[in-house]
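Subject: Structure handover

Hi,

Here is the structure I promised to pass on. Please open it alongside this email; my notes follow below.

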Amino acid sequence: REIEQKVSEIAGSECEIYEEYIDDGCRKDEEDEYVMRACFSVANSDITIRVYFGNNTRKIGYVYVGEE
């Protein structure tokens with residue numbers, strides 16, 4: 001998966017996606033219909049990464065990094 005590979009590269013560690021779903025809708029004039037949310041666990045860590053991106057463009061708009 002494209003997003004999973006990008007997150008692993010940025011984190012510098014193996015990341016595994018454990019959840020992906022529609023988080024919110026977009027305005028009608030947007031390229032994307034929905035904002036998607038993908039949640040990742042980082043190998044050998046308590047850190048969780050949440051990535052928010054467009055369903056059509058796959059453009060990442062926001063990233064949250066924190067401890068679960």
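This is a predicted model: local features need pLDDT of at least 70, side-chain atom pairs count only at pLDDT 80 or more; totals for chains, interfaces and linings use all residues.

R58 lies in the loop between strand 3 and strand 4. Its phi is near 60 degrees, a positive value in a residue other than glycine. Most residues other than glycine have a negative phi.

N44 sits in the loop between strand 2 and strand 3. Is N44 buried or exposed? N44 counts as exposed, because its relative accessibility is 86% and the exposed class starts over 50%.

A43 is found in that loop too, between strand 2 (34–42) and strand 3. A43 is partly exposed, with a relative accessible area of 32%.

Overall layout

The protein has 68 residues, and 31% of them count as buried. Its secondary structure comes to 1 helix and 4 strands. From the N terminus on, the order is α-β-β-β-β. Along the principal axes, the C-alpha atoms fill a box of roughly 40 × 20 × 15 Å.

Salt bridges

How many salt bridges are there? The count comes to 2. R27 takes part in a salt bridge with D29, at 3.4 Å from N to O. R27 also forms a salt bridge with E30, where the closest N and O atoms are 2.9 Å apart. R27, D29 and E30 are therefore linked in a network, since a salt bridge here is a side-chain nitrogen of Lys or Arg within 4 Å of a carboxyl oxygen of Asp or Glu.

The exposure of these three residues is worth a look. R27 counts as exposed, at 57% relative accessibility. D29 counts as exposed as well, at 63%. E30 counts as partly exposed, at 37%.

The largest pocket

E30 turns up again here, as one of the residues that line the largest pocket. The pocket holds about 190 Å³ of space. What lines it? The lining is made of C26, E30, E31, D32, V35, Y52, F53, G54, T57, K59, G61 and Y62. By type, these divide into 5 nonpolar, 3 polar and 4 charged residues.

Strand 3 (47–54) and strand 4 (60–67) each supply at least two residues of the lining. Which element gives the largest share? That is strand 3, with 3 residues.

G61 is a lining residue and has its place in strand 4. G61 is exposed, with a relative accessible area of 68%. G61 and M36 are 25 residues apart in sequence. In space, their C-alpha atoms are 9.9 Å apart.

The nonpolar patch

There is a nonpolar patch on the surface, formed by I47, I60, V63 and V65. Together these residues have about 300 Å² of accessible area. Strand 4 gives the most to the patch, with 3 residues.

I60 belongs to strand 4.

Where to start

If you only have a few minutes, take these stops in order. Begin at R27, where the salt bridges to D29 and E30 join in a network. Then go to the pocket lining, which includes E30, Y52 and G61. Next, turn to the patch of I47, I60, V63 and V65.

Best wishes

Note on methods:
Residues are numbered from 1 along each chain as its sequence is written. Side-chain values use heavy atoms; hydrogens and water are left out. On a 1 Å grid over the protein atoms alone, a cavity is a set of points where a 1.4 Å probe fits but cannot get out, and a pocket is an open set with protein on both sides within 12 Å along at least five of seven lines; lining residues have an atom within 4 Å of a point. Grid points are joined across faces, edges and corners, and a volume is the space filled by probe spheres set on the points. Ala, Val, Leu, Ile, Met, Phe, Trp, Tyr, Cys and Pro count as nonpolar, Asp, Glu, Lys and Arg as charged, and the others, Gly among them, as polar. Patches are made of residues with over 30% relative accessible area and no salt bridge: like charges are joined within 9 Å, nonpolar side chains (Val, Leu, Ile, Met, Phe, Trp, Tyr) within 5 Å. Accessible areas come from the Shrake-Rupley method with a 1.4 Å probe; for residues, only the protein chains shown count as cover. Buried means under 20% relative accessible area, exposed over 50%, partly exposed in between (1.4 Å probe, protein chains only).
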